[in-house]
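A short briefing comes after it.

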Amino acid sequence: MPPSLVKPVFTLLPALLACPIFAHAAGVTRADCDQAEHQTMLAAHPHSTTEARAYWLTDQQMQWPGMGEAHQFVLAHAPAGGIKAIKGESASGYAALIPLQLDQTALHQATAERFKFVGGGVRLALPKLNRAALIALHRGELVLLALDAQKRVIQATAIQHPGALDALFGEAAQTHELGAAPAPDVTRFKLWAPTAQQVAVCRYDSGHGKARQIIAMKFDTRTGIWQGQAKGDLSGQYYRYVVDTFVPGVGLVRNRVTDPYSVSLTTDSKRSYIARLDDARLKPAGWDETPRPNTVKRATDMSVYELHVRDFSIGDVSVSSANRGKYLAFTETGSNGMRHLQALQRAGMTDVHLLPVFDLASVPEKDCATPTVPKASADSEAQQAAVMAVAAKDCFNWGYDPFHFNAPEGSFASDAADGAKRILEFRQMVQALHRAGLRVGMDVVYNHMSAAGQHPQSVLDRIVPGYYHRLNERGAVERSTCCDNTATEHTMMAKLMIDSAELWAREYKIDSFRFDLMGHQPRAAMERLQARVDKAAGQPVQLLGEGWNFGEVANGARFVQASQLSLNGTGIGTFSDRSRDAVRGGGPADGGQELIARQGYINGLVYAPNALAGKQPLEVLMKAADMVRVGLAGTLRDYVMQTFDGSARKLEQIDYAGQPAGYASQPAEAVNYVENHDNQTLFDANVYKLPLDTSREDRARVQLLGAATTALSQGVAYFHAGLEILRSKSMDRNSYDSGDWFNRLDWTYTDNGFAAGLPPKQDNASQYALIAPLLANPAIKPTPGDIAFTRDAFNDLLRIRASTPLFRLPTTADIQQRLRFYNTGPTQDPTVIVGRLDGTGMPDAGFKAVLYFINVAPEAKTLTLADEQNQPWVLHPVQRAASAADLRPQQAARYTAASGQFSIPARSTAVYVIH
């Protein structure tokens, strides 16, 4: 193209881009609404530039990392795509070229901070364009070109546009009515789709019939929101959007897509459901009057039970067959499962945290398959083969694959085809748990989606391509979280997350949230979310999450993360792996013989080595004991204790794999646990690590030692469902898609799930040689008596934790003042941990002091505590009661006042108090 033509083409741009609907985008018809396919191609351009190596920084500025000088930089635009930019040739297929200027001005501080991860290169600025032209630029294909003096292409790239969209349409974040909003006289629809060329609503009377109406939508140039309305209250009807948009590497497409703000859907999420969530028809009787349990005054009061909706009841024959695996199972108050939860609540459990219950992509909501599992030996591959043969279409998945954030999952409803059912029945579940005295927490997954791009289950990316997902330096979606990562650092993705959490807190009375891979989200967004959910609930809503630091955002590469080391001071809790790894032994990524050799504090490290552990120095055990104490002290940065070498250190000065062991600045920021849904259960980990000749009784006692390290810790106590009944997944290390067979819970307390066959090959085949002989060993599998003992002794631990706020201290100052460890330093017996809690001056403490001992050794231990001579110590009332499940402390634990000597029985937790 001759140089003289560049500027004249640019002068045509305002007129060219002013058209609200481009020529390729004909009006939406009923046929468009009724097609089953998720997209229609309007103008195919599969070879369009897909690598996006440049970034919009603001609406006017962009940066091209790694790019050097060129004769000229221009921006090519084509509404329907078709730009060809071949190196060494002149570009073609564009409708307009815009010359760009080199930009030497300093970036605004906020912009520089947001894009600090972008590499060095040329910074470019657009010429002065009016707002209409700037908006129109983003409705089509854009390619940034570096040209030589002959106007031939040196380099070409697409541009990542979230910075520009946030700058142009950031005002949309203040809108509170995205989605469908029915009212008595009119129903309004709003969709944020600033890059779309046309949007319409397809309205349906039902979840399966033909379209009843097409509702045209108008574009608001201020917010980027498309708005439309229809007469009357359309509650109970269904809708989809038709969105015409350019997709790099595809062309101009007409997408039929559900609403990201859907409050419910029809079967398999094919259509969005119109509803007013305050409609009395969507509320169970007494919903508005049923209060949230008032059991948690502060976050450290929480004792959490992590539970999967389907696991809870699918195998419970005391639940009516229609309700097994469903929300409504929780309403059957006389079932075995609900009686179990009620017993936990009476003992001190405060919260049930439900694994994902938002609309998820992986479980068919109609005609899901149920495998027929053959009877086979404990170490057979037959069971897993039957389960995995239908895993892709069975009724089970953990659900960490979000489809629609704001809608309840349909596979847990009695009728997924009826959008009202899942709303009503979810509320019935929450109401039943609240009436049982249990608060309800929700596992939320805002860090990724089940799909991106033009996949049929991609919602966000088919509405605003390239915006909602975090992209790498080439413009491909980052997948460090195992799935298609979202970008909550972008204004409207953060808004979607915050709006969603607010909806669940307000409309479903969710009391707390557990965030999957929260470290992939900005701390600032989580703090805004905290304020919104607290306001919506009218009370504090506790936020817990996985604060792991990894992936493209690691170490603050893109923003200050909501991660372990970055959240201190917020009161938002993160799971602590410090004590978890010390207690269990090894780490979650272990494989091969490491699974056996790397023992932990409770299962034999140094003091009871297994066949592969080898001889290790006592110092190894001392360091592990210190790390357990870190957890007992709430993982607090500033708490000071004597360590194994005799030095007094703050916990942040103790090394944990190159990080500070203490990272929290207040106890609410530490979530203590030894088992959750991820990785092997504690029972299965102990099968690997305990010496093979460990008795069934001692296996149960070791399980309780693990539970005690959580129950007696400062901070939030978090337990996986089944920990208290020796739950096994037959050694499965990742049971997310392992079906009901490997994830079952038995509320008759007959079978703990061990020896159910070799676990699925996908994540376990490399360990089969280790696993098979363990599964085949009948001496390992617990008896019903072992299970019942563990259950009852676990409840006693809950009662002890609940008996005094000394185990639930709310501030760092309280813990520094009241918690002291004995038996520390180089002369300690590292198999016994001793903690003292001082109740002086604490009116509600219940005891003047508490002294707890955790003896992990296979034999009794005797310690002399000189400072406790002649004190009126007695066993805790729970342990000295006739109803105590574990009689070992009252039968064998001894305190000699004259000498301050305490004898603690083998593999036991003993708690003493002064009244």
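A charge sits over a ring if NZ of Lys or CZ of Arg is within 6 Å of the ring centre and within 35 degrees of the ring normal. The charged end of Arg-427 meets this rule over the ring of Tyr-508, 5.2 Å from its centre. This is a predicted model, in which local features need pLDDT of at least 70, side-chain atom pairs count only at pLDDT 80 or more, and totals for chains, interfaces and linings use all residues. Residues are numbered from 1 along each chain as its sequence is written, and side-chain values use heavy atoms, leaving out hydrogens and water.

**Aromatic rings**
- Tyr-508 also belongs to one aromatic cluster with Tyr-327, Phe-412, Phe-426 and Trp-504.
- The charged end of Arg-139 sits over the ring of Phe-219, 4.2 Å from its centre.
- The structure holds 34 aromatic pairs (rings of Phe, Tyr and Trp, the last by its six-membered ring, with centres within 6.5 Å; planes under 30 degrees apart are stacked, over 60 edge-to-face, the rest tilted).
- One of them is the edge-to-face pair of Trp-64 and Phe-73, at 6.0 Å centre to centre and 65 degrees between the planes.
- Both Trp-64 and Phe-73 are buried (under 20% relative accessible area; exposed is over 50%, partly exposed in between, with a 1.4 Å probe and protein chains only).

**Single residues**
- Gln-530 lies in helix α12 (residues 523-537) (helices are DSSP runs of H or I, at least four residues; strands are runs of E, at least two; both are numbered from the N terminus).
- Gln-530 is buried, at 16% relative accessible area.
- Ala-183 lies in the loop between β10 (179-182) and β11 (186-192) and is partly exposed, at 23%.
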